[in-house]
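Look over the model first, then read on.

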Amino acid sequence: MPLDEGLGLPGGADADVLAVDAALTRLEALDPQQARIVELRFFGGLTVEQVGEQLGISKRAVEAEWTMIAAWLRRELRSA
């Protein structure tokens, strides 16, 4: 699943890769677990359940984090 599709990011397939990388770097500084969730979901191809298992948290917790991650990344990329 493309990153812009899964998170509903602005710009569709044309989303600036450098802007996404910079946003993920900022996210990692703010919340390493949220950055890890993005890494596992998109770059590792894991399901929500598998991410939960890897991080030792529930599926519901991953889903809640995912909602916050998506909103944060959308805001960051709109302002970039």
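How close do the axes of α4 and α5 come, and at roughly what angle do they cross? They come within 8 Å and cross at roughly 105°.

## Basis

This is a predicted model: local features need pLDDT of at least 70, side-chain atom pairs count only at pLDDT 80 or more, and totals for chains, interfaces and linings use all residues. Residues are numbered from 1 along each chain as its sequence is written, and side-chain values use heavy atoms, with hydrogens and water left out.

Helices are DSSP runs of H or I with at least four residues, numbered from the N terminus. Axes are lines fitted to C-alpha atoms over the stretch in contact, and angles run from 0 to 180 degrees between N-to-C directions.

## α4 against α5

The axes of α4 and α5 cross at roughly 105°. That makes α4 roughly perpendicular to α5 (65 to 115 degrees; under 35 is roughly parallel, over 145 roughly antiparallel, the rest oblique). Contact (heavy atoms within 4.5 Å) is made by V48, E49, V51 and G52 of α4 with K59, V62 and E63 of α5.

By class, this contact has three nonpolar, one polar and three charged residues. Ala, Val, Leu, Ile, Met, Phe, Trp, Tyr, Cys and Pro count as nonpolar, Asp, Glu, Lys and Arg as charged, and the others, Gly among them, as polar.

## α3 against α4

Helix α3 spans residues 32-43 and helix α4 residues 48-55. They pack at about 135°, axes 10 Å apart. The two are therefore oblique to each other. Q33, R36, I37, L40 and R41 of α3 meet V48, V51, Q54 and L55 of α4. The classes are five nonpolar, two polar and two charged residues.

## α3 against α5

Helix α5 covers residues 59-79. α3 and α5 pack at about 100°, with axes 10 Å apart. That makes α3 roughly perpendicular to α5. From α3, the contact takes Q33, Q34, I37, V38, R41 and F42; from α5, V62, E65, W66, M68 and I69. Seven of these residues are nonpolar, two polar and two charged.

## Largest pocket

The largest pocket has a volume of about 170 Å³. Its lining is D21, L24, T25, E28, P32, A35, R36, V38, E39 and F43. The elements that give two or more residues are α2 (17-30) and α3. α3 gives the most, with six residues. The lining divides into five nonpolar, one polar and four charged residues.

A pocket is an open set of points on a 1 Å grid over the protein atoms alone, where a 1.4 Å probe fits, with protein on both sides within 12 Å along at least five of seven lines; lining residues have an atom within 4 Å of a point. Volume is the space filled by probe spheres set on the points, which are joined across faces, edges and corners.
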